[in-house]
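The following note concerns strand pairing and the contacts of aromatic rings. Please read the points alongside the coordinates.

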Amino acid sequence: MLTFALTIVRHGETQYNRDKLLQGQGIDTPLSDTGHQQAAAAGRYLKDLHFTNVFVSNLQRAVQTAEIILGKNLHSSATEMILDPLLRERGFGVAEGRPKEHLKNMANAAGQACRDYTPPGGETLEQVKTRFKKFLKSLYQRMLEEHGLSDQCSASSSGPSEPEQPVIAGLASDGVHDVPVHALIVSHGAFIRVSVRHLVEDLQGCLPAGLKMNQVFSPCPNTGISRFIITLHREESNPRAARIQCVFINRKDHLDDVKNSD
């Protein structure tokens, strides 16, 4: 059995974000000046945490954000950054590069809600979820291979006990005080929204007191931060999440000092 923390960060702002244009996978833009400030603020916020593993979308806005976060970190600057195309943004097909309002108009014309609509050539929400599930499977396997043995050796011989609820005090270290294995993911807004929904709804993740479902499924702001504590069991060749505890969703306290953030 292995328990690890999973911190998920959305990339910083790009000019396309500011101009409300869809990027998806085909538009690979760098961070704007504000995006650099946001990533630096996230890095300062997370600087005292030790990330044992780092996984990043291979689109440059995510890579730049991760590089800035790790550059500010006191314990993880040498941690290998693994670029994984499974963490890319949802593909929006013919709508990429166009205003978000254009996507809304296409959805209305099709008689669908914008969130559920798939433009021609784009990914469905189910396809995005399948991509995240594939990433989770490889993540679980890697975490057990790299950290599972030492965790098992240090486990109590009295057997597993019911995990305590994480203490949430509004700090960057919430939930990770006694969790030495910690993975960082840097990805994208639509992908993170689908991923969080899968962790909470499909995998029945436990929510902290006071967190409402509309907050869980709200859009993630640029460099918004979410965290889960995951306990894995190894079942033959397939690891399984025995428990998923949500610590917080879309936290943005670090952005208070960033001008013009949105």
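1. V9 stands opposite V186 in strand β4. This belongs to a parallel pairing of β1 with β4 (residues 182-187), which runs over six bridges. The model is a predicted one.

2. Strand β1 also pairs with β5 (residues 225-235), here in the antiparallel sense and over eight bridges. Within β5, I230 is the bridge partner of F4. Of the nine residues of β1 (residues 2-10), eight are buried, and the strand is thus mostly covered.

3. Two aromatic pairs are present in the structure. In one, the ring centres of F55 and F135 lie 5.7 Å apart with the planes at 80°; since an angle over 60 degrees counts as edge-to-face, the pair is edge-to-face. It connects distant parts of the chain, 80 residues apart: F55 belongs to strand β2 (residues 53-56) and F135 to helix α5 (residues 125-154). F55 is buried at a relative accessible area of 3%, and F135 is buried at 1%.

4. The rings of F132 and F191 have centres 5.9 Å apart and planes at 85°, so this pair is edge-to-face. F132 lies in helix α5 and F191 in helix α6 (residues 189-202), so that the pair links distant parts of the chain, 59 residues apart. F132 counts as buried at 2% relative accessibility, as does F191 at 1%.

5. Charged groups also meet aromatic rings. The charged end of R197 sits over the ring of F217, at 4.1 Å from its centre. For R251, the charged end sits over the ring of F248, 3.8 Å from the centre of that ring.

Technical notes: Residues numbered from 1 in each chain as written. Predicted model: local features only at pLDDT ≥ 70, side-chain atom pairs only at ≥ 80, totals over all residues. Heavy atoms only, no water. Buried < 20%, exposed > 50% of the residue type's maximum accessible area, 1.4 Å probe, protein only. Helix = DSSP H or I, 4+ residues; strand = E, 2+ residues; numbered from the N terminus. Pairing = 2+ DSSP bridges. Phe/Tyr/Trp six-rings, centres within 6.5 Å; stacked < 30°, edge-to-face > 60°. Lys NZ or Arg CZ within 6 Å of the ring centre and 35° of its normal.
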